[in-house]
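Look at the sequence and the model below. The report that follows goes through helices, strands, cores and single residues in turn.

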Amino acid sequence: MQALQQYVLDPVKTGDLDDVTLAEVFKVLETTIESVYYMERFPVAVKRKIFEKFGDTVAIGLAEIGKNIFIRIEGIHCTLGYKLLVVAKFQSIRSLQDLAAHQVACTIRNNLVSLEQLPIPKSTKSVVAKFVETANI
C-alpha cells in the first residue's frame with residue numbers, strides 16, 4: 001500500500017466486549033494506524049501494540065482486501081467468546097504536513113537528533129512524534 005493513504009476504523013463485530021475495552025482497543029488501533037507511514041509495516045506494529053496492552057495471549061489476524069484492511073482480534077481477557085472484527089477503510093490521502101513530519105522523523109532516527117533540539121513549531125513536533133515511535137518498525 002502507498003504511504004499516502006489514511007484510514008478510518010469501523011467495527012463490524014464487537015462480540016461481548018464491554019465499552020471500556022472496546023475504547024481501549026480502538027485507541028490502540030487508531031494510534032497505530034495514524035503513526036505507521038508505510039502500511040506494509042502495519043501488521044507488525046498493530047500486533048506489537050495489542051500485545052503490549054492486552055498480553056500475548058491475544059490472537060490477531062489481518063487481511064487486506066482492495067484498499068481496506070480487516071483486523072480480527074480474539075482472546076482479549078483470555079476468553080474465547082470475545083471476538084472483535086474491525087475494518088480499516090480507506091478514507092483519504094495524507095496531508096503534506098504528515099509527509100514532512102515523516103521525513104523529519106526519519107532524519108531524527110538516522111542522525112540521532114532529539115526532537116526537542118529541532119527549531120520547529122510545537123504543533124509540528126506533535127505530528128513528528130507520532131512517526132518517531134514507529135520509525136524503527
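A residue is called buried under 20% relative accessible area, exposed over 50%, and partly exposed in between, with a 1.4 Å probe and protein chains only. Thr124 is partly exposed because its relative accessible area is 22%. This residue lies in helix H4, residues 122–134. The C-alpha atoms of Thr124 and Asp98 are 9.1 Å apart, although 26 residues separate the two along the chain.

The model is predicted, so local features need pLDDT of at least 70 and side-chain atom pairs count only at pLDDT 80 or more, while totals for chains, interfaces and linings use all residues. Residues are numbered from 1 along each chain as its sequence is written, and side-chain values use heavy atoms, with hydrogens and water left out.

**Overall layout**

The protein chain has 4 helices and 4 strands. Helices (H or I, at least four residues) and strands (E, at least two) are DSSP runs, numbered from the N terminus. Along the sequence their pattern is β-α-α-β-β-β-α-α. The protein chain has 137 residues, and 36% of them count as buried. A contact means heavy atoms within 4.5 Å. Among contacts between residues at least 6 apart in sequence, 58% join residues at least 24 apart.

The expected span of a helix is 1.5 Å times one less than its number of residues. H1 has 17 residues and reaches 24 Å from its first C-alpha to its last, close to the expected 24 Å.

At the start of H1, a side-chain oxygen of Asp18 comes to within 3.1 Å of the backbone nitrogen of Val20. The buried residues of H1 include Leu22, Phe26, Leu29 and Thr32.

In H2, the buried residues are Phe42, Ala45, Val46, Lys49, Ile50 and Phe54. Seen down the helix axis, they fall within an arc of 130 degrees, so they line one face of H2. The arc is that of the directions from the helix axis to the C-beta atoms. An α-helix has 3.6 residues a turn, so residues three or four places apart point the same way. The face of H2 turned away from the buried side carries the exposed residues Val44 and Glu52. Just after H2, Gly55 has a positive phi of about 95 degrees.

Which residues does Thr32 touch, leaving aside its neighbours within four places in sequence? The table gives its contacts beside those of Phe42.

| Residue | Contacts beyond four places in sequence |
|---|---|
| Thr32 | Phe42, Ala45, Val46, Lys49 |
| Phe42 | Thr32, Ile33, Val36, Leu62, Ile69, Ile71 |

Thr32 is in helix H1, residues 19–35. At 1% relative accessibility, Thr32 counts as buried.

**Nonpolar cores**

A nonpolar core is a set of buried Ala, Val, Leu, Ile, Met, Phe, Trp, Tyr and Cys residues joined through side-chain atoms within 4.5 Å. The largest one has 25 residues, and those with the most contacts inside it are Leu29, Phe42, Ile50, Ile71 and Ile73. Two or more residues come from each of strand S1 (5–13), H1, helix H2 (42–54), strand S3 (68–74) and strand S4 (83–93). H1 gives the most, with 6 residues. A second, separate core has 7 residues, including Ala105, Ile108, Leu115 and Phe131.

**Strands S2 and S3**

Two strands pair if DSSP finds at least two bridges between them. Strand S2 (residues 59–65) and S3 pair in the antiparallel sense over 7 bridges. In S3, Ile69 is the bridge partner of Glu64, and Glu74 is the bridge partner of Ala59. The two strands form a hairpin with 2 residues between them, and Gly66 in the turn has a positive phi of about 65 degrees.

Is Glu74 buried or exposed? At 19% relative accessibility, Glu74 counts as buried. The side chains of Glu74 and Arg72 are joined by a polar contact of 3.0 Å. A polar contact is a pair of N or O atoms within 3.5 Å; within protein, one must be able to donate a hydrogen and the other to accept it, and residues adjacent in sequence count only if both atoms are side-chain atoms.
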